[in-house]
Amino acid sequence: MGDRGPTPPQTVGPFLHLALADPAWREAIPEGEGPRIRIGGVLSDGDGAPVPDGLVETWQVDGCFTRCATDDDGRWEVHTRKPPPAPTVDGRTQAPHLLVSVFARGLLHRVVTRIYFGDEEAANAADPVLAVIEPSRRHHLVARGDERRGYRYDIGLQGEDESVFFEC
Amino acid sequence: MDGYPPLDWPAYRSTARRHPVRPPVRLDPGLADTAALTAPVFDEGAVTAADADLTAGSAVVGQRIIVTGRLLDGDGRPIRSSLIEIWQANASGRYAHRNDTWPGTLDPNFTGAGRTLTDGDGRYRFTTIRPGAYPWGNHPNAWRPAHIHMSVFGRAFSQRLVTQMYFPDDPLFFQDPILGAVPEAARHRLVAGYDHRVTEPAWALGYTFDIVVCGAAATPVEGGGGG
């Protein structure tokens, strides 16, 4: 252990459930404890096949954290609250969004994306991060649905449905 | 980033259809998200002392070990009250998981998962057993070196890290594409050191493994809540 350089990441591997899949993590807001939204979807690979050994985590400016391991069909689903707008470090207002980490067997480090909300059209149109994404790819960052019915957000690791990932 | 493995690493076959092909979006520094400067905060009630002892129950089979170290940020400052979660195979190399079917022996006294919070000096400490190596289907006669999976939050979203800790002088490193994906100069950062000062007489062998996370974080609050 000579240098103090950053510890390199490694894959979570196929057995992440032993430590990271407690169902309690799926609910930042437990049922009956205030307004909350449901959000979920499918994690898929470059063949469009579901990823059954993945982990999706969300983090947001108001301190709500969730995580959910994908099931045999690649599905994940969490409950949280819709976050207030968070500023960028240079003070610009962003649309409400979640920061997302995706881990899986076969991913040597996490990949990072964002979830914006499809029913926040005006805020999304003014968002300074969405503005730098190719218009044809922006829809990958926006969950479909609304607060009442819940939101659908699929994550593609590769290929035609590849999500928009950010440097992490 | 310094020491990061690439996502596209053909020697590790599972990366083939799972690595994003498009380069990740690099945002201008000013566009960085203030939400990424913080991370979940855990209070002491979130874990118990027993959660850090994977051998609780005493009948666990294997070489008892202590794994300890400090969680540090890129400037060498300790990160306090931060959750560290670990999981691992048992002494015969078998995970207590429904999808692990190789004929290693299951140990009914070992679930292989633990968690703890770092103390005021950023230190963590687990009591466990040394995991066994195990075979997998990646390449002919493929064996994973003994390792412990570790998950840490740090104090910012940008510091979130999941990694694996290896043991010194493991003869299986040369053929492992997961450790091998890490640039050679940084690989040693994933290998714990044997530390006789940590070893407890007539009880357990000691290993030290410091974890360094990088990425910007909000300035920690000093005093009071202790960050």
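A helix is a DSSP run (H or I) of at least four residues, a strand is a DSSP run (E) of at least two, and both are numbered from the N terminus. The structure discussed here is a predicted model.

Q: How many helices and strands does chain A have, and in what order do they come?
A: The secondary structure of chain A comes to two helices and nine strands. Starting at the N terminus, these elements follow the order α-β-β-β-β-β-β-α-β-β-β.

Q: Why is chain A called as compact as a globular protein of its length?
A: The globule rule gives 15 Å for 168 residues, and the radius of gyration of chain A is 16 Å, which is close to that value, so chain A is as compact as a globular protein of that length. Along its principal axes, the C-alpha trace of chain A spans about 45 × 40 × 35 Å. Buried residues make up 49% of the 168 residues, and 62% of the contacts in chain A with a separation of 6 or more are between residues 24 or more positions apart.

Q: What makes strand β3 of chain A largely enclosed by the rest of the structure?
A: A residue is buried if 20 or more other C-beta atoms lie within 10 Å of its own. Five of the five residues of β3(A), residues 65–69, are buried, so the strand is largely enclosed by the rest of the structure. Both faces are covered, with A:F65, A:R67 and A:A69 buried on one side and A:T66 and A:C68 buried on the other.

Q: What makes β2(A) and β3(A) a pair, and in which sense do they run?
A: Two strands pair if DSSP finds at least two bridges between them. Strand β2 of chain A, residues 54–59, and β3(A) have five bridges and pair in the antiparallel sense, and one of the residues involved, A:E57, has A:R67 in β3(A) as its bridge partner. The two strands form a hairpin with five residues between them, and in the turn A:G63 has a positive phi of about 90°.

Q: Which elements make up chain B, and why is chain B called as compact as a globular protein of its length?
A: Chain B comes to two helices and 11 strands, which run β-β-β-β-β-β-β-β-α-α-β-β-β from the N terminus on. Its radius of gyration is 19 Å, close to the 17 Å that the globule rule gives for 227 residues, so chain B is as compact as a globular protein of that length. The C-alpha atoms of chain B fill a box of roughly 55 × 45 × 30 Å along the principal axes, and 40% of the 227 residues count as buried.

Q: Which strands pair with β10(B), and in what sense?
A: Strand β1 of chain B, residues 64–73, pairs with β10(B), residues 205–208, in the parallel sense over four bridges, and B:I66 stands opposite B:G206 in β10(B).

Q: Why does B:G132 count as partly exposed?
A: A residue is buried with 20 or more C-beta neighbours, exposed with 12 or fewer, and partly exposed in between. B:G132 has 19 C-beta neighbours inside 10 Å, so it counts as partly exposed. This residue is placed in the loop between β4 and β5 of chain B. Its C-alpha atom is separated by 4.9 Å from that of B:S92, although the two residues are 40 residues apart along the chain. Not counting residues up to four places away in sequence, B:G132 touches several residues, among them B:A89, B:N90, B:G104 and B:A146.

Q: How many residues of each chain take part where chain B touches chain A, and which element of chain B gives the largest share?
A: In the model, 64 residues of chain B are in contact with 52 residues of chain A. On the side of chain B that touches chain A, β8(B) gives the largest share, with four residues. The residues of this side divide into 34 nonpolar, 18 polar and 12 charged.

Q: What confidence does the predictor give to chain B and to the complex?
A: The mean pLDDT of chain B is 94, and 96% of its residues reach 70 or more. Over residues 222–227 of chain B, however, the pLDDT is below 50. For the complex, the predictor gives an ipTM of 0.96 and a pTM of 0.96.

Notes:
Residues numbered from 1 in each chain as written. Chains lettered and ligands numbered in written order. Predicted model: local features only at pLDDT ≥ 70, side-chain atom pairs only at ≥ 80, totals over all residues. Rg over C-alpha atoms; globule rule 2.2 N^0.38 Å. Contact = placed C-beta atoms within 7 Å. Nonpolar A, V, L, I, M, F, W, Y, C, P; charged D, E, K, R; others polar. pLDDT = per-residue confidence, 0-100.
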